[in-house]
Amino acid sequence: MSTSSIFRSEQMTLCQLFLQPDAAYSSIAELGELSIVQFRDLNPNVNSFQRKFVNELRRCEEMERKIRFLESEIKKEEIPIVDTNENPDAPKPRELVDLEAMIDKLDYDLKQINTNSDALRKNFNELTELKFNLAMTQGFFQQVDPNGNGMFNDMTEEITDETQRMTSGGMKLGFVSGVISRERMNSFERMLWRVCRGNVFLKSAEIPQLIEDPTTGEKAHKIVFVVFFQGEQLKTRIQKICEGFRANIYPCPENGNERRELTMGLMTRLEDLNVVINQTEDHRQRILIETSRLIRLWKIKLIKIKSIYFTMNMFNNDIARKCFIAECWIPTSYLEQVQLALRKGSEISGNVQVSTILHQITTNEKPPTYHKLNKFTQGFQNLVDAYGVASYREINPMSFVLITFPFLFAVMFGDAGHGLIVTLFALWMVLKEDYLKDKGKNQEVWRIFFGGRYIILLMGIFSIYTGLIYNDVFSKSMNLFGSSWKVKFDDNILLKDGAVTLEPNPRPYSAAEHYVQMYSGNPYPIGLDPVWQISENKITFTNSAKMKFAIIIGIMQMSFGVFLSLGNHLYFKHYYAIFLEFIPQIIFLLSIFGYLIILIFYKWTTYLAEQATDAPSLLIHLINMMLMSYPTDDSKTPKSIVVFYNHQRIIQTILLIVAVICIPWLLIGKPIYIIVQRKKKTNSTELVHQESEASNDIEMHEQNEPHQEVDMSEVWVEQGIHTIEYFLGCISHTASYLRLWALSLAHAQLSEVLWTMVLRIGLSMGGIGLGGVALFMVFTTWSTLTVFILLLMEGLSAFLHALRLHWVEFQSKFYKGEGYPFVPFSFQSILEEAAAEN
Amino acid sequence: MKDDLFFNLDHGYAEGLCRGFKSGILKPADYHNLVQCETLEDLRLHLQSTDYGNFLANDASPLTVNVIDDRLREKLVQEFQHLRNISYEPLSTFLDYITYAYMIDNIVLLITGTLHQRAVGDLLPRCHPLGSFEQLGAITIADTPAQLYNAVLVDTPLAPYFIDCISEHDLDELNVEIIRSTLHKAYLEDFYKFCKQLGGVTAEVMCEILAFEADRRAFMITINSFDTGLTQDERFKLYPRCGSLNPDGLQELRRTDSYEAVKDVAARYPLYRALFEGAGTSTGEKTIEDKFFEREVELNRNAFLRQFHFGIFYAYLKLKEQESRNIIWIAECIAQKHRARIDNYIPILP
């Protein structure tokens with residue numbers, strides 16, 4: 001048997017790797033690039049911080065932290081991070097030290113610069129506040145007492161009186177000035193008033209521009225204030241309040257000249273500071289730009305190192321033999337490549353004397369499921385895996401779903417026009433694949449569409465095909481080859497009221513004088529004759545046809561599923577299951593529903609137009625077959641329900657009896673087989689038991705009873721459920737396939753309604769001017785509705801129904817889906833995950 | 001019934017969020033791993049695999065217990081404030097009520113700090129962020145409780161609680177403690193009343209928790225007041241009146257003068273009897289404080305068993321605080337290489 005096939009998952013081997021400590025790192029690095037090995041954790045009970053390489057991991061994390069810091073600094077400066085799409089190899093352990101040193105130095109430098117520039121900036125901001133403070137308070141003390149005794153004769157209009165009163169009282173008026181953030185101003189004012197019992201005067205003005213806060217460095221609205229007060233005690237209080245409200249107090253000379261001097265000095269200092277700050281900024285900028293070129297590479301390198309050590313933490317450390325022991329699953333067909341990678345790894349590490357030993361071990365454990373996929377099959381495999389990952393080596397329905405899924409979808413979505421739009425959309429995604437791959441990564445809906453682009457493409461193509469068969473293009477028919485029907489009535493008949501019927505029979509039309517041949521005798525070459533489009537009984541006709549299609553497709557798909565279960569039985573060598581499961585199942589299905597299909601084809605091929613009324617009603621016949629009641633053949637009973645071929649009664653009775661026999665066959669066959677098997681086994685184990693006792697070989701004894709057997713009652717219950725599920729399933733699933741007809745009817749009707757109710761209104765409006773404008777408007781509505789309702793909504797519904805038919809009706813016949821996926825150790829997927837997290 | 005019907009309309013999202021947060025509380029297995037850590041770095045590594053994620057990832061090594069404490073608090077405050085921001089009335093008022101307790105503690109912290117001549121700038125960062133308010137920084141200007149009330153607290157929601165404390169005495173250490181206890185008493189009683197008024201499951205759950213809190217305060221005030229200058233009557237004034245000890249038990253407590261006497265009072269209440277009997281001061285035994293904490297954790301945990309009530313928000317905050325205390329305890333034990341008592345944390349989930 002071939003090890004690799006599209007129908008089954010890859011054969012897996014559990015391998016032990018004996019890695020030399022020196023070579024381990026580079027070997028794992030090679031395997032990470034190869035992405036085909038899944039390691040098993042051999043120390044599941046060891047805490048993450050008690051593992052061997054925890055120090056290396058910690059160093060990596062420390063570096064990552066620093067890189068995050070550098071990155072945030074780069075982002076703050078809005079410098080783009082260079083993405084060269086380069087994929088650097090995992091650096092050697094000794095390079096790690098260099099990398100560490102480099103990052104450390106950068107981190108240190110940058111922090112140094114930051115502290116310096118923070119200090120400078122703080123200074124700068126403080127001076128700026130002081131500058132504003134001086135400038136704004138200038139307004140408050142417009143006129144200074146010429147004596148310069150620190151008293152203000154006239155400050156502002158409002159307080160003149162007060163001041164004069166104070167001055168005349170001969171008391172010294174002190175003041176505190178500062179800057180406070182705007183949102184604190186209100187409560188600050190209130191508290192001032194309360195604490196000082198109204199004995200202060202507050203004057204404030206808002207700084208017209210946003211300025212940076214010296215402590216936080218954030219831009220904020222600020223207010224300059226001056227508090228006038230009297231007495232030392234109040235001063236300390238006011239200062240405390242300022243402190244509590246985080247207002248910055250600035251000294252403000254009382255004398256106007258001093259203020260002017262201070263302002264001048266301030267200006268020069270600010271300018272000097274600005275120069276220094278700009279220089280620091282330039283230096284910082286240079287470092288960051290330098291870093292932004294390398295930071296992406298560093299991140300990749302670090303992730304690789306980290307994942308290597310993380311993997312190596314899962315290994316056993318054999319101290320006696322001085323090597324690491326790893327266990328991993330490898331697809332058997334890749335063993336060669338893995339060997340090669342391991343050898344390359346040893347060579348890189350410079351340790352060629354003792355290469356890594358790869359040792360295959362046999363195990364009872366269930367291996368992971370790994371399908372070789374490409375971008376085309378991936379989407380379809382996702383559909384299957386969404387139901388359940390295939391059990392190891394069981395038949396993978398993906399290759400069948402590949403065709404049946406789009407086909408069943410198209411049966412329900414049958415409209416060539418809509419199919420064409422879907423196809424073009426999918427084709428655009430497929431052709432522009434490389435360009436679109438990186439676009440819209442965060443948009444979930446788009447990702448779903450893009451991920452399923454090949455599915456959508458096939459769905460579209462198949463829809464065009466079924467649309468041609470149904471002869472439906474935007475609910476209209478195309479007369480490509482010329483209808484096989486000709487209307488040859490004369491005017492007398494056509495001008496009468498009411499509808500006329502095109503008779504297929506080559507017999508004289510009742511009112512016509514002579515024989516008229518209206519049907520050419522040759523059917524329309526492909527699909528439905530366009531003449532049906534204008535007939536009144538179109539729905540009756542298409543319903544009958546589509547219903548039968550649905551049943552035929554359904555029974556065929558289900559029997560195919562049962563046959564696939566035969567494939568599984570043969571592969572896993574469950575020969576008993578062929579006789580106890582497969583045969584009764586297939587007999588039951590075919591003897592009732594297979595027979596029905598034969599009858600459908602018989603009816604289609606045997607009954608010609610002349611005998612249309614005598615054609616058997618298959619539904620009645622099927623019911624009669626079940627009830628075993630056959631109406632007597634006399635003139636009263638309609639021809640359609642009496643037996644229509646010889647020995648029909650006997651044949652149907654035999655088929656029914658055979659089908660009924662299958663029920664107990666399936667129900668008790670397997671449990672009885674298991675009982676017999678167990679009897680045999682207990683006999684043989686007793687023998688082994690005696691032998692092992694003789695040889696005193698305890699290990700042998702243990703290996704012979706690998707797992708506890710399930711209770712017999714459980715087997716019975718399980719088989720009972722299985723049986724009921726299958727037989728009832730055959731009936732309900734067949735009925736379920738009728739959704740193919742129902743949805744295609746719904747789709748056809750909906751698009752027809754849309755045409756007649758919307759677009760036809762526009763088409764029937766007269767006049768070039770008004771009609772044209774109206775048509776333009778109506779077309780917009782029609783096309784929008786077509787896209788949103790018919791393509792998106794109906795498409796989604798047909799998609800879900802097709803999915804259900806595959807999961808429930810088809811896969812339940814053979815697919816267990818109890819496996820677990822193969823997750824190889826892969827740098828690529830780890831990097832993608834890390835990128836997605838950001 | 002009607003409240004249950006419409007609960008989710010306003011508070012469903014917040015409740016769901018809170019329950020989600022609660023599921024991130026460390027499990028016994030996590031604690032088991034934490035106490036095995038050799039260094040704080042190990043602790044960080046292990047916490048990374050829990051719901052805390054990389055909350056410590058941006059702190060440079062070597063890690064200190066203070067940093068861990070800050071980060072733990074930061075994370076909790078962030079979660080709580082998020083809940084507060086998305087909450088509707090009356091949940092938002094309920095959440096505000098929770099923060100009042102922190103405001104009281106902050107005020108007391110600042111006053112004591114100033115008594116010890118510490119600068120406000122040093123003290124402010126040590127205040128709990130949940131209890132900070134605008135006028136907090138200016139507290140230091142007050143010398144007497146009356147000033148404190150008139151200048152600072154009158155605008156805060158704590159004002160009504162403070163009315164009982166207004167006096168012209170100087171703020172000294174004993175007075176500050178009395179102020180703290182009076183404020184807490186008034187706060188607890190008010191919160192209790194508020195929860196009662198909310199009614200429904202909230203009242204049932206919260207009143208039980210708050211009653212326990214009140215009783216605990218009464219016990220602790222009594223035990224701590226021996227050998228201080230506090231008279232029996234003064235002490236009696238500090239007991240919150242919303243617990244199950246009220247009124248008889250409180251009268252009894254007023255007359256006690258030793259730990260044994262307190263124990264006798266507790267013996268009349270089955271719940272407290274069990275707590276006092278399980279407690280001891282010798283090594284290997286749990287202190288009465290720990291016993292109370294354990295009971296509190298149990299009550300808070302039980303709050304999550306019922307739905308459509310606000311109690312879970314309170315309970316979550318308290319549980320999370322206990323968890324932070326546990327982590328800090330373990331971290332301290334690790335940092336000081338004093339592993340003998342490392343198991344003395346209070347398990348939150350059984």
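Predicted model: local features only at pLDDT ≥ 70, side-chain atom pairs only at ≥ 80, totals over all residues.
Start with E10 of chain A, residues 323-331. This strand is mostly covered, with nine of its nine residues buried. In a regular strand, side chains alternate between the two faces of the sheet. E10(A) has two such sets. A:Cys323, A:Ile325, A:Glu327, A:Trp329 and A:Pro331 point one way. A:Phe324, A:Ala326, A:Cys328 and A:Ile330 point the other way. Both sets are buried.

Which strands pair with E10(A)? E1(A) runs antiparallel to E10(A), and eight bridges join the two. Here A:Leu14 stands opposite A:Trp329. Strand E2 of chain A, residues 38-39, is also antiparallel to E10(A), with two bridges. A:Gln38 has A:Trp329 as its bridge partner.

One of the pairs is A:Asp318 with A:Cys323. E9(A) and E10(A) form a hairpin, with four residues between them. In the turn, A:Lys322 has a positive phi of about 55°.

Next comes helix H8 of chain A, residues 335-348. How far apart are its ends? The end C-alpha atoms are 20 Å apart.

Six residues of H8(A) are listed as buried: A:Leu335, A:Val338, A:Ala341, A:Leu342, A:Gly345 and A:Ser346. Seen down the axis, the buried residues fall within an arc of 140°, so they line one face of the helix. An α-helix has 3.6 residues a turn, so residues three or four places apart point the same way.

What do the buried residues pack against? Their neighbours are strand E1 (12-19), helix H1 (21-34), strand E10 (323-331) and E11 of chain A. The face turned away from the buried side carries the exposed residues A:Glu336 and A:Leu340. After the helix comes A:Gly350, with a positive phi near 80°.

## A:Ile361 in strand E11

E11 of chain A covers residues 357-361, and A:Ile361 is found in it. Is A:Ile361 buried or partly exposed? Its relative accessibility is 23%. Buried means under 20%, so A:Ile361 counts as partly exposed.

A:Ile361 and A:Cys15 are 346 residues apart along the chain. Yet their C-alpha atoms are separated by 5.6 Å. Leaving out residues up to four places away in sequence, A:Ile361 touches A:Leu14, A:Cys15, A:Gln16 and A:Glu327. One of these, A:Glu327, is a buried residue of E10(A).

Strand E3 of chain A spans residues 173-181, and nine of its nine residues are buried. A:Leu173, A:Phe175, A:Ser177, A:Val179 and A:Ser181 point one way. A:Gly174, A:Val176, A:Gly178 and A:Ile180 point the other way.

Nine bridges join E3(A) to strand E7 of chain A, residues 222-230, and the two run antiparallel. A:Phe175 has A:Phe228 as its bridge partner there. E3(A) also runs antiparallel to strand E8 of chain A, residues 248-250, with three bridges. In E8(A), A:Ile249 is the bridge partner of A:Gly178.

Note on methods:
Residues numbered from 1 in each chain as written. Chains lettered and ligands numbered in written order. Heavy atoms only, no water. Buried < 20%, exposed > 50% of the residue type's maximum accessible area, 1.4 Å probe, protein only. Contact = heavy atoms within 4.5 Å. Expected span 1.5 Å × (residues − 1). Arc of directions from axis to C-beta. Pairing = 2+ DSSP bridges.
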